Amino acid sequence: MPVEIRAVSDAEAAPAALPAPRRGATALRGAGLLVVLAALVLVGLLSVWTGTRGIAFSATWSALWNPDGSETSVIIHDYRIPRTLLGLLVGAALGLSGALMQALTRNPLAEPGLLGISLGSSAGVVVAIAFLGVGSVLGYVWFAFLGAALASAVVHLLGSAGRQLATPDRLVVAGAAVTAVLYAFNSAVLLLNPRAFDQFRFWTVGSLAGRYLDVVYVVLPFVATGLVIALLLGPSLNALALGDQMGRALGVNVHRTRILGAVGVMLLCGAATAAAGPIAFVGLVVPHLARFVVGPDQRWVLAYSMLLAPVLLIGADVLGRVMGAPGEVQVGIVTAFLGAPVFLALCRRRKLVML
Amino acid sequence: MSTAHDTPPAPPAPATAAGRRVHRPRVITGTVLRAGGLSVRVRGRALVVTAAALAALVAVALVSLTTGDYELSVGEVVRALAGQDSGGADFIVNTLRLPRLLTALAVGAALAVSGALLTSLTGNALGSPDVIGFTNGSAVGALTVIILMHGSMTQIAAGALVGGLATAAAVHLLMLGRGLHGFRLIVTGIGVSALLLAVNSYLITRATFQEALEAQAWLIGSLGNRGWIHAQAILLACAVLLPPAFVLSRRLSMVEMGDLTATALGVDVTRTRATLLVVSVALAAFATAVTGPIWFIALAAPQLARRLTRTAGPALLPAALTGALLLAGSDLAAQRLFAPALLPVGTATGTIGGLYLIWLLITESRKSRA
C-alpha cells in the first residue's frame, strides 16, 4: 500500500507529467480495464470460496455450477453469492459516487463517507426504522436517498459559505460537523431503542454480512440508474474540469450536469448505504488510484472506478473474513484501515490541488 | 467601581516634528490594587463572569442533588452531605448523585482546560482535542483495556493516557514541517479520528452483546453509573494537572504573541509548548478514561469563556468553570428531558457541539470574506 500512496501523490504533484494522448493509449487503457475485470472475477471467486466454513476449492467450484441442495451448496448460494454480488454493487456505487463527487466539486478529498453523506443516509434509515416502523430494505432505501440529499446539501452550503468555491479542507471540516450531529442523533435514537440497536450494531459500521439476494434485487435498479447517469456524464465532466466558464464555452450545460451529477451521487450513495451501512474511504481512494492509472480523462476514471472499487471492497471483505476468523471484521472497518493512510498522505501534500 | 477601563483613554499624543507619533498602548487592563509592596491586578469583567459561573454551578449542583426519581429537600441533602442522615437520603446523595455530579464537574473542567490549552497552542479555534482526534485516541486506549483486559480504573486511565499521547505524537509527526497551525492540522486530525473510530468499532464488534451495549454508551460519552472510584480518579488527575496548567498559562499568553516575541520576553517557548501539550493531552485522556469521549466541551467552553471575559490570553479558570457548568448542565438536561430513558450525556453534547462547529464555520467564513 505505501508504494501506491507515494505513486499517487507524486503523479498528482506533477500535473506536467500527464501523458500526452498518443496512439494506442486507448487500446492500452481498454486492455487495462480487462485486467481489472479479471481481477474482479478472481476476487469474486475468492469471496465465494473463503468463509467461516472451510470448503475445498474443488467442492466450491462444483457447487457453484451444480446447486444440489447439499449443505455446501446452500452455504454458497444462499450466503456467499449474495454477499459477493452485494459487494459488487455497493463497491461500484461507492467508487462511482466518489469519482463523481471529486469531479463535480473538483475536490480531491470529496467522498461520501468523509463528507457526512453516508451518515445522512444512515440517519434517514434510522428515522425510518425507529419512528416510522419501516422494516424492509425497499421501504427504507427512500429514506436513505432523502438523508443523503439533505446531508450533501447542508455540507456544500456550509463548505461554500462565503460565496467562494468550497475549498477541500473546509468541505471536510463541514462534513465532520454534520457527521458529529448525525452520529449523536443516531446513537441517541438507537440507545433509546435497544432492540433496533442489536440490528444496527453491525449495520452502522458497514458490513456485507447477513444480506440475502432480495437486498441485491432491491438496490440493483437504483445503482444501475446511478451508473448510467455517471457514465453518460463523463464527457461533460471533462469539459467542466477546465472550469465552469470554459465548460460553458465548450457547449456543456453546467447546471444540468451538476444537477444530474448530484442525483447520481444521491442514488449511488443512498443505495450503497441502505444496503451495507456507511462505508468510508472506498469512494476516496479508488478514483485517485484510477486517475493514477489512466490520467485525467473522466470517462476512463469513471469506468476504472466502477470496476476497481468492487475489487477493493470485496477484497477488503475477504481480508476481514480471513483476519477475523473464526468471526469476521466488518468490511467498513477494513476499508477505513486501508483508506485513512491514503487520506493522510493526500493531506500531507504541499497544496491540495483543485482537480 | 472605579477601574482603569472606566477612565477615559489618554488623549492621543501630539505628533512630533519628525512626524512620529508616540503610541501609548494600554498594556494592563483592569484595576491594579496596591498594598504596600504588593500589587494585584483585578479584572472586573472576568471577576463578574467567574462569580456568575460559580453561582450557576451551585444552582445546577443543587438541582442535580435534589431532583430525580426520588425528590429530596435541600435540607435533607445538606444533612446527608454532612453525614447526619443514615437513611435513604444518605444512600441517594452520597452513593448515587454526588459521585456523578463530582465526576461531571471535574471532567468538564479537565476537558475545558485541555481545550483551552490546545486551541491556544495551535492558534486555531477548531484545534481542540475532540476535533483533532486526541480524545478518540484515548478512547482506543481505554477501550482496549476495558474489552480485552477487563482492567481496573487505574489501568483504564493508563490505557487512555497512552492512547492519547500516541495519537498526539502521530498527529505531530504527520504535521512535521508544516507547523501546527492552520486548517491542515484540523483535516489531518479528522483523518486520524476516522481511523481511530474504525479501531473502536472493531473493538466493539469483538465484544459480547451486553459488553457492546455498554461500550457503545461509553463511546458516545456517558456519566451513568459513575461511582466514587470514577470521581476519585478524575479529581486526582485534576489536582495533579491543573496547577501546572494554571502556572504555565501566564507564559502561554506570551507564546501566543509569536515565538520571537515570547523568546525575547524570556519564555522558553519549546519547553513551555511541550509541557503544556502533554498536560493538555493528559487532562483529555483522564477525562475520557472516566466518561468516554465527550464531544464539544473542550471545543466550546474555552471559546465561550474567552468571549464572556473578553481576555486576550487563554482564560483557564473561567474556561474550567464554564466546562464544568456545561457538562453538569447537559447531563442534567439529558437525564430530565428524556426520563425515564437513560440517555448518555454525549448525545446531548454531540448534537450541540456539531451545531456549534457549524456556527463556527459560518462565522469564520464571514470573517474571511470581510
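Colleague: Which residue follows H10(B), with a positive phi?

Modeller: In this predicted model, local features need pLDDT of at least 70, side-chain atom pairs count only at pLDDT 80 or more, and totals for chains, interfaces and linings use all residues. Residues are numbered from 1 along each chain as its sequence is written, and side-chain values use heavy atoms, with hydrogens and water left out. Helices here are DSSP runs of H or I with at least four residues, numbered from the N terminus. With phi near 90 degrees, the residue that comes after H10(B) is Gly292(B).

Colleague: How far apart are the end C-alpha atoms of helix H10 of chain B?

Modeller: The expected span of a helix is 1.5 Å times one less than its number of residues. For the 23 residues of H10 in chain B, residues 269-291, that should give 33 Å, and this agrees with the distance between the end C-alpha atoms, which is 33 Å.

Colleague: Is Asp317(A) buried or exposed?

Modeller: Asp317(A) has its place in helix H13 of chain A, residues 298-323. Buried means under 20% relative accessible area and exposed over 50%, with partly exposed in between (1.4 Å probe, protein chains only). Because its relative accessibility is 2%, Asp317(A) counts as buried.

Colleague: How many residues of chain B are in contact with chain A?

Modeller: Contact means heavy atoms within 4.5 Å. By that criterion, 43 residues of chain A touch chain B, and the residues of chain B in contact with them number 47.

Note on methods. Chains lettered and ligands numbered in written order. Helix = DSSP H or I, 4+ residues; strand = E, 2+ residues; numbered from the N terminus.
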